[in-house]
Amino acid sequence: MSRFHRKWGTAAAVILSVALLPGIATAMPAQASIAASTASTSASNASASSAHHRQSPDSGPAVYHDVSPTLKSMAAAAGPAHGPRVAPDVNTVLPHPSRRGNDPVIQSTPGLNSPNLALTHSWDAIGSSTGYSVTGVPPDPNAAVGTTQVVEVVNTAYAVYSKTGTSVIAATNTSSLWSGFGGFCQSANDGDATVAFDRLANRWVIQQFANVTSASGPYYECVAVSTTADATGTYNRYSYQFTNFPDYPKLAVWADAYYTTYNMFTPAGAFVDAEICAMNRANMLTGAAATQQCFTTSSSYGGILAGDVDGTTAPPSGENETVVGIGTTATTLASWKFHVDWTTPANSSFTGPTNITVASYTTPCGGTGGTCIPQGNGAGQQLDTLGDRLMYRLAYRNYGDHEALVVNHTVDAGGTQGVRWYELRMTSGSTPSVYQQGTYQPDATARWMGSIAQDKAGNIALGYSDSSSSTNPSIRFTGRLSTDALGTMTQAETTITTGGGSQTSYSRWGDYTSMSVDPADDCTFYYTDEYEPSTGNFNWQTHIASFQLPNCVAATPDFSISASPASGSVTQGSSATTTVATAATGGDTESVALSASGLPTGATATFSPTSVTAGGSSTLTLATASTTPTGTYTITVTGTGATHTHTTTYALTVTAPVANDFSLSLSPTSGTVTQGSSATSTASTAVASGTAQTVTFSATGVPTGGSVTFSPTSVTAGASSTVTIATSSTTPTGNYTVNVVGTYPGGSPTHSASFTLTVNAPSTGGIV
């Protein structure tokens, strides 16, 4: 959020913050330096239009990762959200167009195509009226909707709800998501968190930065990816390290990566540039070690956003991520293309900016992009516009015949602030261009802090805050149908909540809101924003509401089913397991009962649980008897819902016990070393059947620069060997799974045991 603080009672070290750190606000850098930087941009823009940017030093592996306990258990242990009362911070305006432009696309009359749209659900979420102790301004309200739940995140707290607003997990410190993780992700609760629902994998993704109170860094980005569609379950957790302060993180889902954009500041508080990092999504979905690749823009740009996928259709295979920001002139947006190559990182590239010509506009507050939103109720305090950046999200959809991106920002519309919105289109990853645009400002009331999205029918919904000198800040939305005349919001403006008061003492509002689309029907919008129940400070309340636009037809409730792995082999008398996953493919989610058929003689099938809500998963255990005939069997797994039945198959191979067999185990099974050091473990063997044979040892998964030795290199089953796993000074830091393999003569049978090796960099001094 580009904000800076000093601690209360401290006149020395300047520390970085995003709205939630104790401090008396100071704005850095000076406005004059930003204006000078912005003014010089036009001359350099042409030469930069095809620039290939170098990777940022922030590229590299996560400094640590693990798998969490369930969110439900961590929230229960943490208890209600709490924290010290903190002062709000002051906006440091990002680079933006320095000249004013006339706006030719102002919509000066409201949409009249229908009466106010009915809200399907509406509830007060995290805030002062629902038992949450407000500790900072602004709340940064952000929410995402999944197959069965809604997750809201505000500064320093999250909550989980059903889609109708029933509380599942009450407001809890966001840092509790990293309980047991260690480091600043666990100990700091610094805010600026966002939540996304990865519709392509049905997973939740939550991020929050950490250690922003430090005057020297390093700073951290903490990311958690759920292991299922249940937000209350377990998460794969990661932390990435930054030298400069990665402010205002905004996460987006793309097929090849999770992309997060930042506004970068030095530890002393000077704006550097915008940065974007791609995190290895495929690895994070499985809990494996994951690197990130980062690139920066020039200092002429800030507040960039990456395309965030809505709907079930992924971008075309291999398509690069599209990134958009406000341009350097009042008639342009800027776009970049991010190509990530996880196999050969040197081939990754970040190309741009390329100008997107738009209708001219004036940055809010007469071109300053700062504070000028009036409030009623005698508050006297004007509110920030954050008109120096695009508003979260840059929502992407692949409609097959075209790709669309919708986004908005706040502009000055004849002295009153309004919402400039765009639908950009492209084909096969080309540079996006404006398909339609408009500035929604139908009267003298200011509208700002918008968020926008499209449903599967191509309809657009736009939510925002509104306020005037005679009215309190409130929450509204409008929209348009895909068949309406271009450039207009045709749906009647609907009020979600009317504010009961205005905010005093502090200008900060937002700093963003969120419009998301229900993946169950791809028609229902969920919008999250803030209001004041009564005039005062530190008493904001967030609100969530859902609605549909008229011509989006929800699909009939349905689901899909799959088994992973889809096959397995067991010896007679043993068992195999597989995960049976379901996904909602249309309409509201439904309960799915699970069963199995085609079992061989003597075998049994057990599901845990026996039924799931579409989007959930179950563990299937297939147990055989000693008398089960050998052979390969096709097991049919059936899911039965209220209106549909679907099946998937699992290939079970039953073999006879090996005449001579052994078992292999390691103790310990994990260890932590610094680069250049080694870890040891004992590989123990035992006779499982028949007579003892010679076990020969080997290893796989050895990290770069490392080696594994055995003493002795082979033993008779029943004996043990010392395993030494050595690293070098060049071994990359991170977590590695080293597999110790034992083999009988002739190569069969073979067994393995895994050792988790954590490699850290040597200490450079100070407290670790």
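The model is predicted, with local features needing pLDDT of at least 70 and side-chain atom pairs counting only at pLDDT 80 or more, while totals for chains, interfaces and linings use all residues. Residues are numbered from 1 along each chain as its sequence is written, and side-chain values use heavy atoms, with hydrogens and water left out.

The protein chain contains six helices and 54 strands, both taken as DSSP runs numbered from the N terminus (helices H or I, at least four residues; strands E, at least two). Of its 768 residues, 57% are buried, where buried means under 20% relative accessible area with a 1.4 Å probe, protein chains only. Among contacts in the protein chain with a separation of 6 or more, 65% come from residues 24 or more positions apart; a contact means heavy atoms within 4.5 Å.

Turning to the sheet, four strands form an open arrangement in the order E30-E31-E32-E33, with antiparallel pairing; two strands pair if DSSP finds at least two bridges between them. Strands E30 (446-454) and E33 (494-497) are at the edges with a single partner strand each, so one side of each has no neighbour in the sheet. From one strand to the next, the twist averages 25°, an angle between N-to-C directions of axes fitted to C-alpha atoms, on a scale from 0 to 180 degrees. Within the sheet, E31 (residues 460-468) and E32 (residues 471-480) are joined by eight bridges, and Ile460 is found opposite Arg480 in E32.

Salt bridges, defined as a side-chain nitrogen of Lys or Arg within 4 Å of a carboxyl oxygen of Asp or Glu, number 15. One of them joins Glu493 to Arg447 at 2.7 Å between the closest N and O atoms. Because Glu493 belongs to the loop between E32 and E33 and Arg447 to strand E30, this pair ties together parts 46 residues apart in sequence. Both Glu493 and Arg447 are buried. Asp466 and Arg476 also form a salt bridge (3.1 Å, N to O), and together with Asp443, Arg447 and Glu493 they belong to a network of salt bridges.

Arg397 and Asp522, both buried, meet in another salt bridge (2.6 Å, N to O). Asp521, in contrast, is buried without a salt bridge, and Lys163, its nearest side chain of opposite charge, is 6.8 Å away. The Asp521 side chain does make a polar contact with the side chain of Thr524 at 2.7 Å, the term covering N or O atoms within 3.5 Å, one able to donate a hydrogen and the other to accept it, with residues adjacent in sequence counting only if both atoms are side-chain atoms.

Technical notes
Buried means under 20% relative accessible area, exposed over 50%, partly exposed in between (1.4 Å probe, protein chains only). Lys and Arg count as positive and Asp and Glu as negative; His and the chain ends are not counted.
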